[in-house]
Amino acid sequence: MSSLSKGLRKVQVTLKWDPSPIGAAAHDLDIVAATYTADAPHGTPAYLVHFDSRSPDGTITLDRDSRTGQGFGADEVMTLELERLAPTYARVVVGVVIQQQTAEKTFSDIPNTGIHILDGPVELASNDLSGVPDASAAAIAEFTRDDTGAWRLRPVLRGFTAAPAEFAGLMGTAPA
């Protein structure tokens with residue numbers, strides 16, 4: 001089956017936040033992507049991409065990683081080259097998690113968060129995490145491959161109270 005719409009090919013997910021006050025422990029947020037195969041679209045991901053890693057085939061990369069939120073513009077940037085993902089993969093879930101350094105933090109503790117999902121210069125979705133103030137992690141986007149092979153975005157906002165390692169296994173679970 002052919003389609004006039006080619007779907008999404010290459011997108012960027014950007015994340016920003018304000019740094020913590022001077023003398024306080026740094027706010028460290030991370031973008032995480034989990035890939036799922038067509039025969040196992042929920043649960044344990046086929047692989048994860050996060051700080052200090054990239055997808056095995058180089059199609060998903062974290063291009064910028066901040067541990068403090070200091071600087072101008074986006075603090076974290078992840079690029080997803082969806083058109084290059086092997087046909088085995090049918091779903092990619094992107095999330096944000098707070099690294100818990102000294103005290104438990106939630107998104108309500110971190111000022112001015114901002115997420116933007118871009119297709120080139122076109123903004124596809126944005127969020128500020130205010131919808132999940134008591135969460136320490138959140139799934140923010142789901143990319144799925146349709147029957148034609150085209151990738152589609154479904155913005156989501158599902159909060160979790162979970163440490164980074166635990167969140168990796170939860171972020172792609174089917175909603176209850």
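1. Charges. In this predicted model, the mean positions of the 14 positive and 22 negative charges of the chain are 7 Å apart. Lys and Arg count as positive and Asp and Glu as negative, while His and the chain ends are not counted. The place of a charge is taken as NZ of Lys, CZ of Arg, CG of Asp or CD of Glu.

2. Basis of the values. Residues are numbered from 1 along each chain as its sequence is written, and side-chain values use heavy atoms, with hydrogens and water left out. Because the model is predicted, local features need pLDDT of at least 70 and side-chain atom pairs count only at pLDDT 80 or more, whereas totals for chains, interfaces and linings use all residues.

3. Secondary structure. The chain has ten strands and one helix, in the order β-β-β-β-β-β-β-β-β-β-α along the sequence. Helices (H or I, at least four residues) and strands (E, at least two) are DSSP runs, numbered from the N terminus.

4. Overall form. The radius of gyration is 16 Å, close to the 16 Å of the globule rule for 176 residues, so the chain is as compact as a globular protein of that length. This radius is taken over C-alpha atoms, and the rule is 2.2 Å times the number of residues to the power 0.38. The C-alpha trace spans about 60 × 35 × 30 Å along its principal axes.

5. Burial. Of the 176 residues, 45% count as buried, that is, under 20% relative accessible area, with exposed over 50% and partly exposed in between (1.4 Å probe, protein chains only).

6. Nonpolar cores. A nonpolar core is a set of buried Ala, Val, Leu, Ile, Met, Phe, Trp, Tyr and Cys residues joined through side-chain atoms within 4.5 Å. The largest has 34 residues, and those with the most contacts inside it include L80, V94 and F143. Among the elements that give two or more residues to this core are β1 (10–16), β2 (29–37) and β9 (137–145). Strand β6 gives the most, with five residues. A second, separate core of twelve residues includes V32, A139, F167 and M171.

7. Two residues. Contact means heavy atoms within 4.5 Å. Not counting residues up to four places away in sequence, V94 touches V13, I31, L80 and M171, among others. V97 lies in strand β6 (residues 89–98) and is buried, with a relative accessible area of 2%. Leaving aside neighbours within four places in sequence, the contacts of V97 include D28, V32, A162 and F167.
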